Amino acid sequence: MPDIHNHKILILDFGSQFTQLIARRVREAGVYCEIYACDVAVQAITDFQPRGIILSGGPESVATESRHPVPDVVFDLNVPVLGICYGMQAMAAHFGGEVAPHGKSEFGYATVRARGHSKLLKGIQDQVNDEGHGLLDVWMSHGDRVESLPEGFKLIASTESAPIAGFANEDRKLYALQFHVEVTHTKRGSDIINRFVADVCECNAEWQPAGIVDASIASVKDQVGSDTVLLALSGGVDSSVVAAMLHKAIGSQLVCVFVDNGLLRLGEGDQVMETFAKSLGVRVIRVNAEQEFLDALQGVDDPEQKRKVIGGLFIQIFEREARKLEGVKWLAQGTIYPDVIESAGSATGKAHVIKSHHNVGGLPADMKLSLVEPLRELFKDEVRKVGRELGLPDAMVDRHPFPGPGLGVRILGEVRKEYADTLRLADDIFISELRSHNLYHEVSQAFAVFLPVKSVGVTGDGRRYAHVISLRAVETSDFMTANWAHLPHEFLDQVSRRIINEIDAVARVVYDISGKPPATIEWE
């Protein structure tokens, strides 16, 4: 079995909002990578043994005292290095180049002339100008610019407002680009990333779903031996893939606890039991805890408090069920790589908490269970690929994201059973219509939201005074930013009429046209 971690890239994060996109592009090239903070210990960089390093962008200015310099060890390792945006400017400063604020910032699309014939950019172009020079359509986001090249480096890219938009020292395999190759707006960005990791760093494309599954199964077997493993199964993509992987790895040693909190989608509890208990033969203990959650949420209307109540009660119930079992030594979780990155950011104070993550990670220490987290190296798109490799049905693997607190954060304000029942029906109508119109996979996430306000409506000759449902659908490649989906008006009309006609508790349907930012995808 090939070592899927043998060839790997290290990404040093200088605070860019796009750093995770860099990692995803490297993974898409079939190469393993990890993200470290720019001020990580020198020994950690050395111990990682990368075949190449990428320096991310960032919000700081190289020309100020608050700058983050590139650690010397990055260049002492004698491996290829690619600097992007701030990473380019930091590399220039490190080697004695001049970086300064520029009166004309570049934010948005730009056309870059690919000068020279660097190994990084040779043959990669979107168009050719009248003089025969290759041009690239890229995305810029910078205020500072490199004013003079460091000694020993050559110019490889330029724009009108940034004459030095890329430079290289090809003897040392050091490259730097002012534009963001990781975003989809840079049309040939993936080609440039592929060129760097495959040709410059000479990495083999061994990070593939089949290899990930084989390596993960072998790792789990080695880790747990003949012990029993407990998994909190939610029915979401992450926990479902963990369940399938662990079942394949250790069979009957896996025990799943499915806590039905009464805040799931229509028929979801039965679907989970059908898929895992009946079809796959996984041992699943179902706990019907709807009333416990409704009682705990009575009078709670703050979104963060609701998340804490739901998460805390889940832990209590899960702990209660775990203590009924004997010989359990391991707790499996569906932690994925973005969770790891965000937890690290929160721990160091470098990230703001927008919403608390609902995870089993808060289990009491006295449970004395060791963790099994077979997905902690994977991004969400990789989790889906692994799920398909494990044979999970597309309907489960390709499901839109669903928040850990479930409908609890899609009911604005206090959660009540009648609100949850109404929302379940409305959401099911919306999703079923998306599927029947072949629109479900055209949007990245779609759901209904219950608004705790009433509106006057007319049904037949009678007056209806009932609640409002908002529909939400977004398009995104990374869930870090999102655009509202421009669904056909005829489709929205069909969904609205069905919801109002079929659900007496709803008098009005609205459509959310907010993007992220400034809004978040979920309402709470």
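Where is the place of Pro518? Pro518 sits in the segment after S19, and Pro517 lies in the segment after that strand too, with S19 covering 506-511. Keep in mind that this is a predicted model.

- Most residues other than glycine have a negative phi, and most peptide bonds are trans.
- The peptide bond from Lys516 to Pro517 is cis, with omega near -15 degrees.
- Next along, the bond from Pro517 to Pro518 is cis, with omega near 10 degrees.
- Cys85 isn't a glycine, yet its phi is positive at about 55 degrees.
- You'll find Cys85 in the loop between strand S4 (81-84) and helix H4 (86-94), and it counts as buried because its relative accessible area is 4%, under the 20% cut-off.
- Lys173 has a positive phi as well, about 60 degrees, and is not a glycine either.
- The loop between strand S9 (166-169) and strand S10 (174-177) holds Lys173, which is partly exposed at 31% relative accessibility.

**The second largest pocket**
- Rolling a probe the size of a water molecule over the atoms shows where empty space is left.
- The second largest pocket comes out at a volume of about 430 Å³.
- It is lined by 24 residues, and the closest to its centre are Arg265, Gln271, Arg399, Ile431 and Arg435.
- Two or more lining residues come from each of helix H8 (268-279), helix H13 (394-397), helix H14 (417-436) and strand S16 (445-459).
- H14 gives the most to this lining, with six residues.
- By type, the lining of the second largest pocket splits into 11 nonpolar, five polar and eight charged residues.

- H10 runs over residues 303-322, and its 20 residues at 1.5 Å each should span 28 Å, so the 28 Å between its end C-alpha atoms agrees.
- Asp302 caps the N-terminal end of H10, with a side-chain oxygen 3.2 Å from the backbone nitrogen of Glu304.
- Glu326 is in the loop between H10 and strand S14 (328-332), and it counts as exposed because its relative accessibility is 76%.
- From Glu326 to Gln445 is 119 residues in sequence and 40 Å in space, C-alpha to C-alpha.

**Asp137**
- Asp137 belongs to strand S7 (residues 134-148).
- With a relative accessible area of 16%, Asp137 is buried.
- Setting aside neighbours within four places in sequence, Asp137 is in contact with Ala110, Thr111, Asp126, Gln127, His185, Thr186 and Lys187.

How values were computed:
Residues numbered from 1 in each chain as written. Predicted model: local features only at pLDDT ≥ 70, side-chain atom pairs only at ≥ 80, totals over all residues. Heavy atoms only, no water. 1 Å grid on protein atoms, 1.4 Å probe; cavity = no way out; pocket = protein on both sides within 12 Å on 5 of 7 lines; lining within 4 Å. Points joined across faces, edges and corners; volume = space filled by probe spheres on them. Helix = DSSP H or I, 4+ residues; strand = E, 2+ residues; numbered from the N terminus. Nonpolar A, V, L, I, M, F, W, Y, C, P; charged D, E, K, R; others polar. Buried < 20%, exposed > 50% of the residue type's maximum accessible area, 1.4 Å probe, protein only. Contact = heavy atoms within 4.5 Å. Expected span 1.5 Å × (residues − 1). Polar contact = N/O pair within 3.5 Å; in protein donor to acceptor, adjacent residues only side chain to side chain.
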